[in-house]
Amino acid sequence: MNTTSGKLEGIYCPSLTNYTRRLSREVRIGDIALGGTNPIRVQSMTTVDTMDTLGSVEQVIRMVEAGCEYVRITAPSVKEAENLGNIKKELRARGYHVPLIADIHFTPNAAELAARLVEKVRVNPGNYADKKRFQTIEYTDATYQAELDRIRERFTPLVNICKEYGTAMRIGTNHGSLSDRILSRYGDTPLGMVESALEFLRICEDLNYYDVVLSMKASNTQVMVQAYRLLVQKLEEEGLQPYPLHLGVTEAGEGEDGRVKSAVGIGTLLEDGLGDTVRVSLTEAPELEAPVAKMLIDRYATRAGHTPIKPICHLPYNPFQYHRRETREVLNLGGHNVPRVVADLSRLEQITYEDLRPVGHIYSPSLDKFHMTDQGADYVYTGSTPIPFMLPNGLKEIVDYTDWLEAEKREERYPLYTTVQFETADTWHPQLNFVQVSLGQLTNDFIETLHNRPDVVLILETENEHAMPEQRKAFIRLMNQEQPVPVIIKRSYEDLTDEQLYAATDVGGLLIDGFGDGVLLSTQDLSYRTKEEWGYTLEGLNKLAFGILQAARTRMSKTEYISCPSCGRTLFDLQETTAMIRKRTDHLKGVKIGIMGCIVNGPGEMADADYGYVGVGKGKIALYRGQQVIKKSVPEERAVDELIELIREDGNWIEPVGVGE
């Protein structure tokens, strides 16, 4: 992608270096407008049965008080759609005028009724007019057009009702519920997701209906980001309206994993000015989602006016398809190695065996041995305090250059140079040397010197508030000069508790584009803290680094749970069930388990899960291998045991092992 005017042609956002929000079309949803110059809005979805009017009302109120500006409620059939009127009436009687959104999947008649009662309807083009049987179908242009004509006939009545009643609509594509028709023609791809929505959107525009919001949700953050980017580009290419975007990662999960995964996907898009409303999908109470969404959004209230970054004039990678940047291998960094985790111990005054426990290396005095957990750091950076004892096998130490010169057994440690030290030094480690750089130090001359240094790895830092784009610019500069040096992404934050989401955005956004051969996270001075305090912080940073790598799908170090947020369709307690499954299976490194509350979020929505646990009736569970159902109607009390047996049959089960001292 090239430019002659300072703006990249065909790029998906206003600027890759200067924070600017994409100016979308304004859509009114009740009394709260979305898009245009309005603030980015917060929304969530109820989990109470829609037929429980008072329960739904009470939950909506809790969500509004937690910060929700829109509330979505499922309407799987006509009776639930009818009851939306009762819920709305009771809310208005209590003084709450929050716009309500009806969530529709398979039932056009429910959508047509709901559109007369609430401020917005959400339709999923993958199952609104199509049925999914996981079949591959051969289409000619004529037979495919006949299918589009059938969709137009099915969809037009809803569009006309929305026009008549002033009701907005979200056309919400989900990666896991693409129709057989779309999959047959476009494959399981971001392009297929985009085309699924555009088929419906073109009908809306033909009917002069423009109160539309678009979404491209996926549980896989790479697919999700690529689909939104491609959607924006396609809208511009076809001359369609710049419709507002609803951002979300489906089935993100719970706890820290769910928050990190959401931030990797949503935050990456917000960094580039994309997004007009956010829903964070956690397997938790819906009122806990709004504060997370608000934290992601609020970060950009003051982003404009950041330290300038020169424009990117040539983009040497495809932002719509994942491809890891090609780098040379230096020891175990770069090349085909997974991204490494570097733990920052440099602020500790004296490092002991116990200080390695928080970063996954546990010492047993009785055995005089180390045990490494699945999230054991690959490197420790000790700064000016070299470790005085032998490290466990596999763990490597990085030391500041001047202290490395004075250290014993220099061959067992690796030096970290500043750029000035790098240019003047005459002593090097024979295998691996680190250089800490920022974008401004990546001059043409400096990059040229790296061509003859196959022993160098860069540690890239930034002080720019617009951090991710500045570091992305550095990677692009290296690529444009065909410099394959491995790069570790370094980010420092004041407080891990408040900025967990920021780290996931800043680092995850780079990983999504294939950048980064390692991660180094650090926080404020630890030396004054108690052992318990700094141990918790180091452990938190280490877990966060591994969690970001996993959320970006670049290094799988633990079991991944693709669990949907609960809603009125859910057939079991999702939080309780997820916790139960996690307790029995969280030692299965790299296995992906989908936990879905109903068949709507069933085999399709699990997308690339290895195994699935899906509610199919009250007290009944279906178990899946991939997208194939293996056991139907398993009693809930036996379902987890049978899931484990299925994993065992495939040879993917290992017995949990307790960690010693």
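**Pockets, cavities and helix pairs**

By class, the lining of the largest pocket comprises 11 nonpolar, 10 polar and 15 charged residues, and I would like to start from that pocket, with the caution that what we are looking at is a predicted model. The space in this largest pocket comes to about 1,000 Å³. Of the 36 residues that line the largest pocket, those closest to its centre are Thr-373, Asp-374, Gln-375, Lys-558 and Asp-586.

The structure holds seven cavities of 30 Å³ or more, and I will speak about the second largest cavity, in which about 160 Å³ of space lies. This second largest cavity is lined by 14 residues, and the closest to its centre are Ala-252, Asp-257, Lys-261, Gln-550 and Glu-560. Its lining draws at least two residues from each of helix H8, residues 255-271, helix H15, residues 531-551, and strand S21, residues 560-563. By class, the lining of the second largest cavity divides into four nonpolar, four polar and six charged residues.

Helix H7, residues 221-238, and H8 have axes that come within 9 Å and cross at roughly 20 degrees, which makes H7 roughly parallel to H8, as the angle is under 35 degrees. The crossing of these two helices, H7 and H8, is right-handed. On the H7 side the contact involves Thr-221, Met-224, Val-225, Tyr-228 and Arg-229, and these meet Lys-261, Val-264, Gly-265, Ile-266, Thr-268 and Leu-269 in H8. The residues of this contact of H7 with H8 divide into six nonpolar, three polar and two charged. Notice that Lys-261, which takes part in the contact with H7, is also among the residues closest to the centre of the second largest cavity.

H7 has a further partner in helix H6, residues 190-206: H6 and H7 pack at an angle of about 45 degrees, with their axes 8 Å apart, and that angle makes H6 oblique to H7. H6 passes H7 in a right-handed crossing. The contact is made by Pro-190, Leu-191, Met-193, Val-194, Leu-198, Leu-201 and Arg-202 of H6, together with Val-223, Gln-226, Ala-227, Leu-230, Leu-231, Lys-234, Leu-235 and Glu-238 of H7. By class, the contact of H6 with H7 has 11 nonpolar, one polar and three charged residues.

Finally, a pair from elsewhere in the chain. Helix H1, residues 53-66, and helix H2, residues 78-93, pack at about 50 degrees with their axes 9 Å apart, an angle that makes H1 oblique to H2. H1 passes H2 in a right-handed crossing. Here Thr-53, Leu-54, Ser-56, Val-57, Val-60 and Ile-61 in H1 meet Asn-83, Asn-86, Ile-87, Glu-90 and Leu-91 in H2, and the residues of this contact divide into six nonpolar, four polar and one charged.

Note on methods. Residues numbered from 1 in each chain as written. Predicted model: local features only at pLDDT ≥ 70, side-chain atom pairs only at ≥ 80, totals over all residues. Heavy atoms only, no water. 1 Å grid on protein atoms, 1.4 Å probe; cavity = no way out; pocket = protein on both sides within 12 Å on 5 of 7 lines; lining within 4 Å. Points joined across faces, edges and corners; volume = space filled by probe spheres on them. Helix = DSSP H or I, 4+ residues; strand = E, 2+ residues; numbered from the N terminus. Nonpolar A, V, L, I, M, F, W, Y, C, P; charged D, E, K, R; others polar. Axes fitted to C-alpha atoms, helices over the stretch in contact; angles between N-to-C directions. Parallel < 35°, antiparallel > 145°, perpendicular 65-115°, else oblique. Left-handed = near helix turned anticlockwise from the far one by under 90°. Contact = heavy atoms within 4.5 Å.
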